[in-house]
Each structure stands twice: as C-alpha cells, then as structure tokens.
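Take a look at the sequence and the structure below. This report then walks through some pairs, the cores and the overall layout.

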Amino acid sequence: MIRILPILLAVLYGLAMYRFSAWRTAKELDDKSTELLDPALREMTSKLASALDLPRIKVHIYEVAPVNGLAAPDGRIFITRGFYEKFKSGAVTAEELASVIAHELGHVALGHSRRRMIDFSGQNAMRAALGMILGRILPGVGIWIANMLATLLAARLSRSDEYEADAYAAALLTKAGIGIAPQISLFEKLEALTQSNHGTAPAWLLSHPKTADRIGALTALQTAWDR
C-alpha cells in the first residue's frame, strides 16, 4: 500500500486539477465572451449548419487579443477578438474564418475538447507519479525527465487531434460548398497573423503540427477526393 500511495495521490491530484481547470475555463469564457452576430459570418455559419442538418451554429467572441479559435469542453465555439479584428480589417476572409469555426466544430464532434481536459488531468498525474519515482532513482534530474515525458505525450496527442480536426473541417467545408481552398489559404498566412514561428522549435515538442505539414495533409485529401 505504501508503494502505490504516491501513484494514488498523483491520480487524486490530477482529478482535482481537472475539476479546477474545467471550472476556471468555463468561468473565464462566461465572463469574457459575447455571441458573434456579424451578418457576413452568420451566412457562413448558416452554410455549415445546413451541411450538418442543424438549425444554427452559435459562435462566441472571446474578448482576448491573440489570434485563435477555441472549442470549450461544453461544446461552445469561440473566435477570439483578435481573430475577428483580422477579419474586420480584411486580413482574413469570411470563408477563412469559417474554416476556423469548422475546425473547432471538429474538435467538438470528435470528442477532443472533453478529452483534452481529461488528458490534462492524466498528464498531471503521470508527471507527479513519475516525478516521485524517478526523483528517488535519479535525484536532481528525475523530476525534469518526468516533466519532459509528460510534455512529449501531450504534444503528440495534441498534434494528432489537430490533423483529425483539419480533416473534419475539410469534409464539412466541402459539403457546405465553401471548399478547402480557404482552409489552405488561412494556413499560408497563419504564422504571420499569429506572429509565431514554428520553425524555431523541434517538431516533437509542438502542440500543433507544422503549417506546411497541415497544408500537405489537406492537399492530399483534396487529391484523393478528386479522383
């Protein structure tokens, strides 16, 4: 019992962190979001809703500056204020923003949003348990190794989810009559929009696949569908 106590404590810690993170995320989104009512974007979401046989798709604006989209664990879809401002300035088209919404819908439909919260608690539990075990075997570096292993696992799972959500969005956009082209064109300008540079970090540490790889996967999908 004493030997497994650290693991049990780590699992309980992970569950507690999951509950706290879910509550904090929901509260943050409730406090800092409003419904997106832009007519041009409503036309796009109507096309997506029709393709999914839904009466409507509700999208919210999350009042933060970074350019991003978000699928909450409760199924709500968010576009950040920063992303919406890019659309208002003409840097992003309505079709390109629709591709972001379709991508986030993919995360919801495929169960990624809920699973990520569960994965988060599991990774914290694994990090704590491995840290306790490796810390005894390798004092000083054991905790660092445990953190690295948990980070690698989280990054790999996240990259897989992104590819799956991209494919879902591509299929949905095609069915809605919007097509894959806006999805690809947005990826081509994404690093400039987000002011990021994925080339500076090793691919196996990234939470998202490299942009060129995502474009390549979408192009392959389009080629397969055109045959």
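## A buried charged pair

Aspartate 166 is buried, at 3% relative accessibility. Here buried means under 20% relative accessible area, exposed means over 50%, and partly exposed is in between (1.4 Å probe, protein chains only). This is a predicted model: local features need pLDDT of at least 70, side-chain atom pairs count only at pLDDT 80 or more, and totals for chains, interfaces and linings use all residues. Residues are numbered from 1 along each chain as its sequence is written, and side-chain values use heavy atoms, with hydrogens and water left out.

What does the side chain of aspartate 166 meet in a salt bridge? The partner is arginine 214, at 2.8 Å, N to O. A salt bridge is a side-chain nitrogen of Lys or Arg within 4 Å of a carboxyl oxygen of Asp or Glu. Arginine 214 is buried too, with a relative accessible area of 6%. Aspartate 166 sits in helix α6 and arginine 214 in helix α8 (residues 211-226), so the pair ties together parts that are 48 residues apart in sequence. Helices (H or I, at least four residues) and strands (E, at least two) are DSSP runs, numbered from the N terminus.

Glutamate 63 is partly exposed, with a relative accessible area of 35%. Arginine 81 is also partly exposed, at 26%.

Arginine 81 forms a salt bridge with glutamate 85 as well, and their closest N and O atoms are 3.6 Å apart. Both residues lie in helix α3, four residues apart, about one turn of the helix. Glutamate 85 counts as partly exposed, at 40% relative accessibility.

## Histidine 112

Is histidine 112 buried or exposed? It is buried, with a relative accessible area of 0%. Histidine 112 belongs to helix α5 (residues 112-137). Its side chain makes a polar contact with the side chain of aspartate 161 (3.4 Å). A polar contact is a pair of N or O atoms within 3.5 Å; within protein, one must be able to donate a hydrogen and the other to accept it, and residues adjacent in sequence count only if both atoms are side-chain atoms.

Leaving out residues up to four places away in sequence, histidine 112 touches His107, Asp161, Glu164 and Ala165. Contact means heavy atoms within 4.5 Å.

## The nonpolar cores

The largest nonpolar core has 31 residues. Such a core is a set of buried Ala, Val, Leu, Ile, Met, Phe, Trp, Tyr and Cys residues joined through side-chain atoms within 4.5 Å. Leu48, Phe83 and Leu97 have the most contacts inside this largest core. Elements giving it two or more residues include α2 (39-51), α4 (94-109) and α6 (142-175). Helix α4 gives the most, with seven residues.

Apart from this core lies another, of seven residues, among them Ala170, Ile180, Phe187 and Leu190.

## The whole protein

The protein has eight helices and four strands. Along the sequence, the pattern is α-β-α-β-β-β-α-α-α-α-α-α. Of its 227 residues, 38% count as buried.
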